[in-house]
Structures are given as structure tokens and as C-alpha cells.
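I opened this structure to look up one residue and one ligand. My entries follow.

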Amino acid sequence: MTTGTLITVAPTGAESAKAEVPALPVTLDELLLTAKECEALGAAVIHVHIRDDEARPTLDQGRLRETVTALRESTDLVVQLSSGGAVTDPEADRLAVLDAGPDMASCTMGTLNFGDDVFLNRWEFIVDLHTRMQERGIVPEYEIFDLGHLTALQRLLGKYGLPAGGHVHVDFVMGVPGGMPGTTPALVAAHQALRDLPEGTTFSATGIGRSTIPVMLASLSAGGHLRVGMEDTVTYAKGRPVESNMQLVARAVGFAQLAQRPPLTTAEARGLLGVPAAGR
Ligand code: KMH
Ligand code: ZN
């Protein structure tokens, strides 16, 4: 069944430096402004990485809590914290992200080379993340960087049961050097592999860098949802740096409307993902 399009904005990430990408939102005020504007355009979920006073990635617990509270006060967006952090973050800090009480958190389904680094996601760590989220009613978004990550997810759900909310939602993160490429054939392969997951599993997709547009078009045509933002894309077109996250969300909304699958509201997104209604 084709539905409207869930649009997630990933505005900051942990990889780009503010000095090199001045438009990157790194302070709480910048993040809140971006969040409000992206919500007004049609985003329903925000995937959040935060920065410290020097704009370096941090998993500081106080800042995370403050960020979740502030996003809830100023928007109706579904607040999804990254448990991936930066490649240098220790497992204990990544697990502690859940203590900040987000609606959702990411859960990457395996280890991969990440450019010149390694993004470590041991099986026991994944199990810890999944089961703690179950206990606390935090809805996971399973991050799939490669096809084998879907096999790992099938194993996880078979052994430990469905996530909080009962609905399975995955995000194909495509085009990371070390993961699956950001191409239509790769998306089709990943989409087909969803048949081994519970019925009704939904997916979104994001293509890193220049794969953003092919992945967006392929995802929409396959019935998938979209993630866009400066975490994944800092060049809008050849020779044109992204000016703001709003520019990327606006483009995604335009594509979704062309596909006659307009953006889901935040309330519809909560219904789709199994996230409880907003409390404000
Ligand atoms: N920054 C990457 C190492 C996630 O947010 O869960 C991990 C990442 C995935 O961005
Ligand atoms: Zn992330």
C-alpha cells in the first residue's frame, strides 16, 4: 500500500566541521531554528547529533536532555537521537543516549568501514541497544548500511522480539565508503531483502553526497520514505554548497509531491512508526 512520505531531517551529523561547512547547525539555537523551519516545510522526524561549545560532536548527557526538551517544547517533530554518535564514541556513552528519553533512537545493525575509520557495532552492543529501547518504550530506527545488516536485523527480531511500538522501520544509509552504494540496483536489492522481515516493515533511504538524488527517486518509486539533511549531503548541486537544511527538505517535499505521495504530518508519522502522541 502506498502512503504519504515520511520525511526525516538529519541536520548536523558528526562528520562535517563547522569551519568547513558554516551553514551547519551546531548550537541549540541553530538546531531549534532549523527544526522549526523543516517541520513547517514537511519534515516529521528529526535525527539529532549535537555539538559542544567548540562545535565538536558530543554525547554529553546534560546537553542531550536539554536538546530533547527544547525540541519537544518548540516543535511536534518526532525526536530521534543518534546512538551512533561519532566513530570515536565509546559504547557506554552511546548506550547512555537512551537516558535522555527521546521518542526514537538509531540502532546501527553492524560494523562497517566508514571512510578511513571503522564504525563499530558489535552484536552484543546491538542487543543491548534493542532490549533497552524495548524496556523504555523508545522506538528504534534500524540503520542499514549494507545488505548483511538486514540479516542481522532478522536475527535480532527473531531472538529478542519486536521493538517498542511493535512496528519495524529501517533506514537505508547508502553511499558511505565501506557500505552499500547509493544506486537504484542497491536500493532494489535492499528493498527485496525486506521480505524476510515482519510484514508491514517500512523503510526510508538516504544517499550520501551525490547519491542523494538517485536514492531519493529510487526510494519514492519503491514505496519508501526519505531522509535528507546536512549530515548526509553538503553539496546541493555541482559547485553549489548546501545553504541550509531547509533547502534539502524543500527539495525532498517537492519530489514527494511529484510522486503524489505528499509529506506525512507529525501525527501521521507517529501513527506509522508506533511512537506515542506528542505530549504538548
Ligand atoms: N556518525 C556515524 C559514525 C547514527 O546516527 O546512528 C554514525 C551515524 C549513525 O551517524
Ligand atoms: Zn546520524
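**Entry 1: Asp52**

I found Asp52 in the loop between strand S3 (50–51) and strand S4 (57–58); strands here are DSSP runs (E, at least two residues), numbered from the N terminus. I note that this is a predicted model, where local features need pLDDT of at least 70, side-chain atom pairs count only at pLDDT 80 or more, and totals for chains, interfaces and linings use all residues. Residues are numbered from 1 along each chain as its sequence is written, chains are lettered from A and ligands numbered from 1 in the order written, and side-chain values use heavy atoms, without hydrogens and water.

Is Asp52 buried or exposed? Asp52 is buried, because its relative accessible area is 18% (buried means under 20%, with a 1.4 Å probe and protein chains only).

I then looked for partners. A polar atom of the Asp52 side chain lies 2.8 Å from the backbone nitrogen of Glu54. Leaving out residues up to four places away in sequence, Asp52 touches Thr58 and Arg63 (heavy atoms within 4.5 Å).

**Entry 2: ligand 1**

Which residues are around ligand 1? I listed Glu15, His47, His49, Ser82, Gly84, Gly85, Val87, Ser106, Thr108, Phe114, Phe119 and Glu231 (a heavy atom within 4 Å).

I checked N and O atoms next. One nitrogen atom of ligand 1 is 2.9 Å from a polar side-chain atom of Glu15. A polar backbone atom of Gly85 lies 2.7 Å from a nitrogen atom of the ligand. For Gly84, a polar backbone atom is 3.4 Å from an oxygen atom of ligand 1. Taken alone, ligand 1 exposes 300 Å², and the protein buries 98% of that (Shrake-Rupley method, 1.4 Å probe).

Technical notes. Helices (H or I, at least four residues) and strands (E, at least two) are DSSP runs, numbered from the N terminus. Buried means under 20% relative accessible area, exposed over 50%, partly exposed in between (1.4 Å probe, protein chains only). A polar contact is a pair of N or O atoms within 3.5 Å; within protein, one must be able to donate a hydrogen and the other to accept it, and residues adjacent in sequence count only if both atoms are side-chain atoms.
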